[in-house]
Structures are given as structure tokens and as C-alpha cells.
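Please look over the sequence and the model first.

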Amino acid sequence: MQVSLNWLSTHIDLSGYTTAQLSDLLTFAGVEVEGIEERGVSSDKVVVAQIKEFVQHPNADRLSVCQVDDGSGSLRQIVCGAKNFQAGDKVPLALPGASLPGGFEINEGKLRGVDSRGMMCSGKELGIGDDHGGLLILDASLVPGTPFSQVMPGDVLFDLEITPNRPDLLSHLGLARELAALTGLPLKGERDYTRSVASVRQAEPDEVTISDTDLCSLYCARVIRGIRVGPSPDWLRQRLESIGMRSINNIVDITNYVLMEMGQPLHAFDLSKLTGGVQVRRAAAGETIKALDEADYSLEAGDLVIADASSALAIAGVMGGLESSVTDTTTDILLEAAHFSPPAIRKTSRRLGLISDSSYRFERGVDAAQTLGAADLAVRLILEVAGGQEDGGARFAGSVHLERREVKLDTQRALRLLGMPDLTPDEMSAVLTKLGLEATDDSTFRIPTYRGDLVRSVDLVEEISRVIGLDRVPECVTAVAVPSDAADRAYDLSMHLRQALAHRGFNEAQTLRLISQAQVADGLTTTDAMPVKSPLSEDHAFLRPSIVPGLISTAAHNIRHSQNRLRFFELGRVFIKLPNGQVREDERMGLLLSGPVSSPSWHGKDPAIADVFDLKGIIESLPGVNGSVTELKRLKDEGNFMLKCEWRAGNRVIGWIGQLHPRRAREIDARNAVFVAELSLSALRQGTSIAKFEELPKFPSVSRDVAMEVAADLPHSKVTSFFAGIKEPLLISTKIFDVFSDPTGTRMPKDRKSLAYSLTYRAPDKTLETADVDAVHQRVLSSLEKALPVVIRR
């Protein structure tokens, strides 16, 4: 939210604080200051000047030599490049020594050989607008020599991030209350807008009706006749423009002014466009309305609308309708001030994708006690600015009586939480009183209606700590060591995986959890993506069922930047659509590999291109997989893949691995085959264990080779699983070193293949004799022939 220091100063005198001090004060009180912008100039060396005459620069076609009256009694020569002025115009003049926004200091000098003793300024150069195409032309009645700061006072804008639990800070009055409590300074004058000074009466049924008071607890209508719609006065326009709001007309500007002054949304209807009284009701299913943004919205039965006897006039708490809006020809208006249910406004606003200043405040909670007072302020301003006369006073439907909550402060617990034994109950009570709370006894406080976030004793303790300053809370170490739990182990595994992949040359990616319809096919399946009900764009229409689509987009981005060695990974959540329509979240790790296995260098200008086995080997070395017997099971190829395999480690399905279809690879301009994999982190956690170390072997090993003829569809993993499970302590490792098949059927049947393995034997306590090895080797081969349909080639 944009906050103007000048506007704040109408409520509280902050002249004793610098901008930096105010920023620190707000930050340490829990109000994040995202940015500070200084507008205008405060220097007395920027004055009003009148251009008396000007001639063409003798050495430059685009420059003029001007003689200006700066109020000093003699003319000053200025060289200027602007063309939007004429003799007699009043303009801002920066004299030598003046400092302009951005740290730009003005000095005397020569431009193309002609003396220039200052600079005439545009609005942008003075920090009061974006127009830099010419000089800022001022009011002709101004006197030369008048300091520009008196004409357009400088201002400081704070860009604040207000947390959802503090809607009372979404206005200048609310922020002034907060600063008054933090600084101890009083608010200026009597600014109790929670009380209406107008006559108030219950509305007749034909004037205002509320069909559901759970959604709208209070609706106040004020009728003003004979107004004149036109431009806003300078003070009002400048107030709104100072915080980035565009001036529309005096009526709309007043409602916006009250919104930013008090945080109470208002809306003005053209009374001549209403038929009958105002009805606050639920929308009919399928009912439509054209809003002020000129878009048509289809409503649902749960949406709340403001209507008349014929149709909906506004989406309650969100945006008014175009058909009943105030125009230049409007003479009679109905002014609305209401209090709506935050969940109802939030639901409608999010479903329609329509977020306004009003909905932003209503969905966080607006102080119902200020509803009538805000309407009263707006009416007084309208009568002052637009004329007219109020008809009938304030009429309301609903309830105007609010019970203020009482909260008991546990002072002993407060002292324990703050760790400040020297903090007295009187000091705590004084702090809470400054925040607007009223003490009913020694430890019970009545909460202001605008502080809906204060409901428990601990909330009051937090307020005390904010106001007295967290720097007063003493430092102490209260943490104790606790045993590692599942969350710790999950975090440790994630970090180990990140470190392991980074050491293997992979780069970690962070991609969005929302993907487009086209990206769904880049995942494992094409049917398990959950659509988003109200997507912000077509690119964010589905919850990602897989991390791989984001990695493929990352690869495409890098390829466009001339990168062809691609190694990416990401750890994150995916969203699996269940048959019952619900969504299950799962933690996954995705990997993408493409291009050379190493970077080209002077001793390896053409490194080998990575294939699926490179990716498989990298994964098999990771925590949770290392040491397990892995098996790949071919899956149905669908979507954008030409190869997809389910990955098993022992009896656990840990994920899948695949190759992107060449067609899809060409779409992202990949020069080489693209391989991807996705693993379940929960499955990997099941495979992790404490590392075990063994003593280095003291005795030599002996190797024996074996070749076997098997069916062409027998996977290598079946043989590997057999060797891993056989109970022969002397067999320490096996490794495949040859695969042979003959598609022609000449040297071997087409449905057969040959696998060759090297088996390594070693004893931990002696050097094996040949006879010992032969005996064990024969037992292994005999068991192999019994366990699997293989023929040993002897």
C-alpha cells in the first residue's frame, strides 16, 4: 500500500522524525517497508521564474537562450532545450547549488559556448510526475522568486506490505494510530469517524433490505440530490495522485479519498438508474453483470450482489456495475457504506479473478463501527465539493450495535514470555492504552473494534513487545537438543541429494507448480493433471503432476541461450489427481540430462554424448538408491516420450526414467537426445540407512567368466537379482561385460541372446585355491540354471 507522509501529517506531527527513522520504526513494529520514494523538492534554490524573452541558440538548432526573472531584481540567462513554452510563462527554475531528486546537482556552466546560470525544469526532473517532454508550466498568478516547495510541497511515499491480520493499517488514519502508539505523539484534533453526526434511522422495507445478514451485517444508504459532477479540486486530486491513484471525477474521487483515509470502501450509484429500493441479496445462478472494468461476469448463487427491483447493480464488496455508475450527467446519487462478510467477498473475488481496492480490504476485515462515520465524511465532502442537498438523512438496514471484545492479560505469563522481570504491570497497561485499548480493571482490556486480531492474552503480549521495542527483550539461549525425527531425516536426505547432484555437475532449478495444458504431456501420464478453477493465465492452468515439464521448459530456455550441455534437477511437490477427484501431494525429485558428458577442453574437444545409461548410473550412485539392485520395467510410451521405464530398487518403485521423443526434442531445438527421470523422495527415504564401512581386503580376488544363452526378453535385472540373493559368501561382485544377439537368426535364434558376466570371488581370511574357486563357481552356475531359464555356454 502506498502511504503519503504529507497525508499522514494531517493526523500526526512527524516533523521530528527523519524518513529513515520512520522506516525503522515501522519495520521493527512488524510493518514491512518495501520501498521509499521522495517526490518533489524541498530546496529553497528551486524557485518560480518567468520567461521574459528567448532567442535561438547561435550554435545549436535545438536550444534556446532565455532571459528569466527569478525574483532577484535582475534577469538570469538560461540555455534550454524545451520547446513547449512562450514568453511570459511561469516555470520552475533550479538555481546553481540546487539538489534535485536522484542526487542531480545544478551548477553554472556553458552549453555550446553560451553561459547558462541554472536549469528550467520538467515535472519529472522535480520528482512530481513522469512528463519529461517539456517544462512544467505553472499558474500564471505565481510571483517570481517564490520557493517551489511552497507551490508544490515535497512528499515521501512509503510502499508498505501490510500483513493480513492488520487490516486496520490499510488507511492513513489507521497507520497514524499505529505511529501515535509507537512514538507517543498525539493524534491531531478530534478524528473519531466511528460516530456519525447525521440523523440515522432504520430503513423502510421499500428503501433497503438485506436478505442474509450473515453476509451483510450493515448497509447504510445516503441520498444526495442536485450535485454537479466535474473535476475534483486541486487538494483532492493531489491527495489521490500522491499515492498513485488516478483522478476520475469529484464524486468517485471522494469515495476513493475516504477509502484511503479510513479504510472504508464506499460506492456511489446514479439514483436515476435505480428502480425501487436497494436489495442486498444473493445472486441468482447464471445472473450476469457488466462491471466498471467493462467486463461481463457470470455470477453464482453464493455471490452477494447489490440490486434494485430489476437487476444486479454491483458485485457486493468487489466492484460496482457500469450501468448504474456515476457519469458527467448525474445529478442525484445514492451513496453506499456497508459491512460485508470477509469469507464471502474473498470467495467471490477469487472465483471471478476480480481484485479491487475494496475487495482487498473487505476480505481482510473492515471495522464495522466506522461504516456510518465514513458515509458521513463522504457526504460532507460531496456537499462541499459538488453541491447538492441530502435527502432524508442516513437510513440503514442491519445492526449498528457492536459489542467490544474483552481480553484478560496474564501479566505473569507476559513476563515469562518476554523475559523482562523489570517490566511492570503499569507499563504494560500504558502501552495497551496507547494502542486504543481500554482497561476495565487491573488486567482486563476492552479491544477497539478496528483490532479484530486481538483475541487472546498472548496477542496483548505481542503488542507490548512491539511497542516497547524488541531491542529491550534480553538475549537468552533457551533451545535444547532434541532427537532427530522424520522431518529432520527428510530434510537431511534432500540436502544430501542436492549436494550429490551438484558434485556431479547438475544445476538446481526452481520452477512453478502451475503448468499449461501443453506441458501436461511432458509428464509420466497425460491424464492425472488437476485443473485450476480460476487460472490467472493459460500457462498456469494445471497443478503440475510431475516436475519434469518444468525441467523441459528450463532446458528450452537454456538452449535458446546457446547452451547444449544440460544437467538440471529439482526437488519439490507434485499434485496427483485421484480417481475420486481429490488431490494427493507427493515430494519428487526430477532430473534432466542432455548433451556431452563433459565440457569440451584442449584434451577432449569432442566428448562423448550422454545417453540413458549415464543418467541411470548417476541415479544409482545417489543416497537411497546406492547399494540396491535396480530394475527397469518398460512402460507404455505416451505423451512426449519414445521410451519410459518404471524404476525399481529391490521391491520398491522409486520412480521412472525416459527419453524425450525426438519430435518434442526438436520443438525445443535440442541438439542431442534428452533424458529425464523422476524419483519419489518418500521411496528414497525408505532405502536410506546408516553407512557401513568394511576393512580393506587383505587377500587377492579371483575372477571367473560365464556366458549364458537366454530368452531375448529376459531382463538383465533378473540375473543381477539372482546373483545378489545367492548365499555364497565368497562371491563378492558380478559385472556384465557383453551382450550379443543376431537379428538375422544366422548365428543365434532371433528370440535368443547371449549375456556374459564376470564373477569375482574372495575369502576374507586366506588366498583362495583354484579348487576352492571352481567348486563355488560350479555351485553358483548350477543354482543359476535352476533359478532362471538359462543355458550356460561351456
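How do the residues of the lining of the largest cavity divide into nonpolar, polar and charged? In this predicted model, the lining has 3 nonpolar, 4 polar and 2 charged residues.

**The cavity**

- The model holds 1 cavity of 30 Å³ or more.
- The space in the largest cavity comes to about 40 Å³.
- Its lining is made up of Ile559, Gln563, Asn564, Leu566, Ser594, Asp669, Ala670, Arg671 and Asn672.

- Three strands make an open sheet in the order β1-β12-β2, and the pairing is antiparallel.
- β1 and β2 are at the edges with a single partner strand each, so one side of each has no neighbour in the sheet.
- On average, neighbouring strands of this sheet are turned by 25° against each other, direction ignored.
- Strand β1, residues 2-4, is joined to β12 by 3 bridges, and Gln2 stands opposite Asp159 of β12.
- Strand β2, residues 32-39, pairs with β12 over 7 bridges in the antiparallel sense.
- Along that pairing, Glu32 has Glu161 of β12 as its bridge partner, while Ile36 stands opposite Phe158 of β12.
- Strand β12 spans residues 155-161 and is mostly covered, with 5 of its 7 residues buried.
- In general, strands of a sheet pair through backbone hydrogen bonds, either parallel or antiparallel.

**The sheet β14-β17-β20-β21-β22**

- Another open sheet has 5 strands in the order β14-β17-β20-β21-β22, with mixed pairing.
- Its edges are β14 (208-210) and β22 (319-320); each has a single partner strand, so one side of each is left without a neighbour in the sheet.
- Within this order, β17 (residues 278-282) and β20 (residues 304-307) run antiparallel and are joined by 4 bridges.
- Arg282 stands opposite Leu304 of β20.

**Helix α9**

- Helix α9 covers residues 371-385, which is 15 residues.
- From its first C-alpha to its last, α9 reaches 21 Å, close to the 21 Å expected at 1.5 Å a residue.
- The helix is mostly covered, with 12 of its 15 residues buried.
- The buried residues are Thr371, Leu372, Gly373, Ala374, Ala375, Asp376, Leu377, Ala378, Val379, Leu381, Ile382 and Val385.
- Just after α9, Gly387 has a positive phi of about 75°.
- In general, an α-helix has 3.6 residues a turn, so residues three or four places apart point the same way.

**Loop residues with positive phi**

- Glu294 is not a glycine, yet its phi is positive, near 70°.
- Glu294 sits in the loop between β18 (288-290) and β19 (296-298).
- Its relative accessibility is 58%, so Glu294 counts as exposed.
- Ser562 also has a positive phi, about 65°, although it is not a glycine.
- Ser562 lies in the loop between α14 (548-560) and β33 (566-577).
- Is Ser562 buried or exposed? With 56% relative accessibility, Ser562 counts as exposed, because the cut-off for that class is over 50%.

Technical notes. Residues are numbered from 1 along each chain as its sequence is written. This is a predicted model: local features need pLDDT of at least 70, side-chain atom pairs count only at pLDDT 80 or more; totals for chains, interfaces and linings use all residues. Side-chain values use heavy atoms; hydrogens and water are left out. On a 1 Å grid over the protein atoms alone, a cavity is a set of points where a 1.4 Å probe fits but cannot get out, and a pocket is an open set with protein on both sides within 12 Å along at least five of seven lines; lining residues have an atom within 4 Å of a point. Grid points are joined across faces, edges and corners, and a volume is the space filled by probe spheres set on the points. Ala, Val, Leu, Ile, Met, Phe, Trp, Tyr, Cys and Pro count as nonpolar, Asp, Glu, Lys and Arg as charged, and the others, Gly among them, as polar. Buried means under 20% relative accessible area, exposed over 50%, partly exposed in between (1.4 Å probe, protein chains only). Helices (H or I, at least four residues) and strands (E, at least two) are DSSP runs, numbered from the N terminus. Two strands pair if DSSP finds at least two bridges between them. The expected span of a helix is 1.5 Å times one less than its number of residues. Axes are lines fitted to C-alpha atoms, for helices over the stretch in contact, and angles run from 0 to 180 degrees between N-to-C directions.
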